[in-house]
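Reader: I am new to this one, and I would like to understand the words used to describe it. Could you take me through them?

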Amino acid sequence: MTVRFPSSGEAGKAGEAGARRSPLRPAAVGRALATGVTGLVLLLLVLVVVRLPWMGDLGIHAATVQRLRHSPLAPGNPLVDANTPSPYYSPWTLVLGGVARVTGLDVFVVLRLAAVAGLALLVTGVWRYVRTLSAHPAAPALALLSLLFLWGTEPLLWSGFPGLHSLALTAAYPSTFTLGLAFHFWAWLSGALRRPAGWGVWLGLGVLWAVVLLCHQFSGVVATAGAAATVVAARPGRAVWPRLGAALLLGVAVLGAWPYYDFFALADAGGRLEAVHRVLYDHPAARYGLALLGVAALVPRWRRDHRDPLVVFCALGVLIVAAGRLTGHHSWARALPAALIPAQLAAALAVVEAGARRVRAVWAALLAGALLAGAWAQAGALGYVVPADALPGPVADRYRRPWPGYGWITRWVRYGDVVMAEGRIARQVPAYGPYTVAPGYPDFFLPDEQRRTAATEAYFAEDTSAGERRRIEREYEVRWVLDRRGALADPALREVARGARGEVLYAVR
């Protein structure tokens with residue numbers, strides 16, 4: 001038998017013999033179910049953080065913390081031995097470097113702490129922002145589930161795209177922290193627009209906007225689109241515009257004053273990033289198709305109010321992404337969350353706000369089906385908690401095995417040594433303190449990047465002479481060579497150790 005909780009009037013009656021029993025309200029059951037499932041998913045992410053699976057860009061972020069721990073004021077390039085600025089040196093990574101320096105904790109322990117902080121900020125930020133859109137108790141939990149699962153039937157693993165599987169690999173990245181900060185930023189901005197706010201509040205919002213942009217530039221674009229939508233929806237009066245203008249000016253001043261890199265120079269970096277981001281436009285139905293449910297939910301919101309914040313937010317995101325496609329600026333696809341996040345939130349809110357009870361029930365059924373489809377698509381994330389060989393076959397097929405890392409070389413290679421490495425190895429080695437000759441990532445602040453890349457390719461080429469290898473070693477002060485093929489036959493190289501996958505670490509004689 002189920003129980004209906006007594007109303008406030010019934011609870012206040014004294015002298016009644018016992019409480020009357022009746023069925024639970026469906027809304028209460030749904031709210032409890034959504035909250036419970038959300039809690040389980042967040043527990044899964046916390047367990048993933050304990051393991052901290054290595055994939056993608058973890059190496060560059062670990063290297064960044066390494067440099068800031070050893071030299072917080074002049075860290076130099078995070079990947080190669082060169083005194084150049086880097087956009088990876090942000091307020092957030094500066095904090096992480098300070099934590100590593102003061103506590104002496106291993107960089108990967110600090111990154112685990114960063115992952116916990118980023119996830120906590122994301123969850124609380126979504127909760128606060130959704131509260132500005134709906135007072136329904138179930139809205140935040142449904143919004144979080146939609147944000148994690150309402151993507152597509154093919155998981156997209158990319159920083160700044162907060163699907164469950166993607167977050168499992170990028171929780172420690174600055175993008176997760178920044179997106180969480182963006183949700184808080186939107187919530188604070190909404191409050192300042194709805195209630196009279198003084199100059200101090202607005203100036204603080206300007207500084208926060210700049211911090212978001214400095215911490216992760218692509219997520220900063222998403223945050224800016226969301227903020228613009230919030231302002232448009234609020235229809236602010238004349239008294240607000242001077243404060244808003246002052247906030248923008250202060251934010252721009254903070255961006256210009258940041259000492260670790262020239263923020264505005266990033267506008268010229270697009271050419272080196274377009275090829276990398278072209279894939280974000282591929283297979284849109286498979287990667288983002290489930291979010292179409294949210295697009296449908298935006299239609300009635302637009303009919304009620306053409307300036308609805310989620311409608312305007314989504315429209316701005318679509319315009320940015322479409323412009324990138326049309327002009328060949330494929331890096332603009334990183335603004336896709338600006339189109340997807342408002343649609344995901346709209347789908348969640350339709351379940352609790354879409355008119356009559358029968359209509360809400362239909363939305364609940366549709367959202368539940370879409371969430372299940374999205375959860376199945378991202379079930380491979382279970383492999384970061386459960387042993388891969390224990391996963392059912394269909395789930396194991398969706399699991400991407402993490403990289404093993406190169407911590408084993410630190411028995412010989414010291415902080416600041418230069419290692420000749422190529423490919424994925426060059427992305428991982430700097431995480432442990434050494435430098436590589438060529439950066440493992442595009443770096444337009446590095447003037448001789450192409451020369452370094454050419455030198456690395458020549459060094460590992462089979463027809464390169466011993467004399468040319470010695471010249472490259474002298475030019476870049478190479479002390480170690482890490483060969484992924486283990487096939488370098490060079491008498492000037494002394495084999496020191498072999499990795500589990502056949503890589504050979506050589507010492508330069």
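Reader: What makes R469 count as lying over the face of Y459?

Author: A charge sits over a ring if NZ of Lys or CZ of Arg is within 6 Å of the ring centre and within 35 degrees of the ring normal. R469 is 5.6 Å from the ring centre of Y459 and lies over its face. R67 does likewise with Y435, at 4.0 Å from the ring centre. Do keep in mind that this is a predicted model, where local features need pLDDT of at least 70, side-chain atom pairs count only at pLDDT 80 or more, and totals for chains, interfaces and linings use all residues. Residues are numbered from 1 along each chain as its sequence is written, and side-chain values use heavy atoms, with hydrogens and water left out.

Reader: How many aromatic pairs are there?

Author: The count comes to 17 aromatic pairs. One of them joins F263 and F264, with 5.4 Å centre to centre and 85° between the planes.

Reader: Why is the pair of F263 and F264 called edge-to-face?

Author: Rings of Phe, Tyr and Trp (its six-membered ring) pair if their centres lie within 6.5 Å; planes under 30 degrees apart count as stacked, over 60 as edge-to-face and the rest as tilted. At 5.4 Å and 85°, F263 and F264 therefore form an edge-to-face pair. For Y406 and W408, the centres are 6.3 Å apart and the planes meet at 50°, so that pair is tilted. There is also one aromatic cluster, formed by Y129, F183, W186 and F313.

Reader: Why is F263 called buried?

Author: Buried means under 20% relative accessible area, exposed over 50%, and partly exposed in between (1.4 Å probe, protein chains only). F263 has 14%, so it counts as buried, whereas F264, at 43%, is partly exposed. Y406 is buried at 2%, and W408 is partly exposed at 26%.

Reader: How do you know that helix 8 and helix 10 are roughly parallel?

Author: Helices (H or I, at least four residues) and strands (E, at least two) are DSSP runs, numbered from the N terminus. Axes are lines fitted to C-alpha atoms, for helices over the stretch in contact, and angles run from 0 to 180 degrees between N-to-C directions. Helix 8 (residues 174–194) and helix 10 (residues 217–234) pack at about 15°, with axes 9 Å apart. Angles under 35 degrees count as roughly parallel, over 145 as roughly antiparallel, 65 to 115 as roughly perpendicular and the rest as oblique. Helix 8 and helix 10 are therefore roughly parallel to each other.
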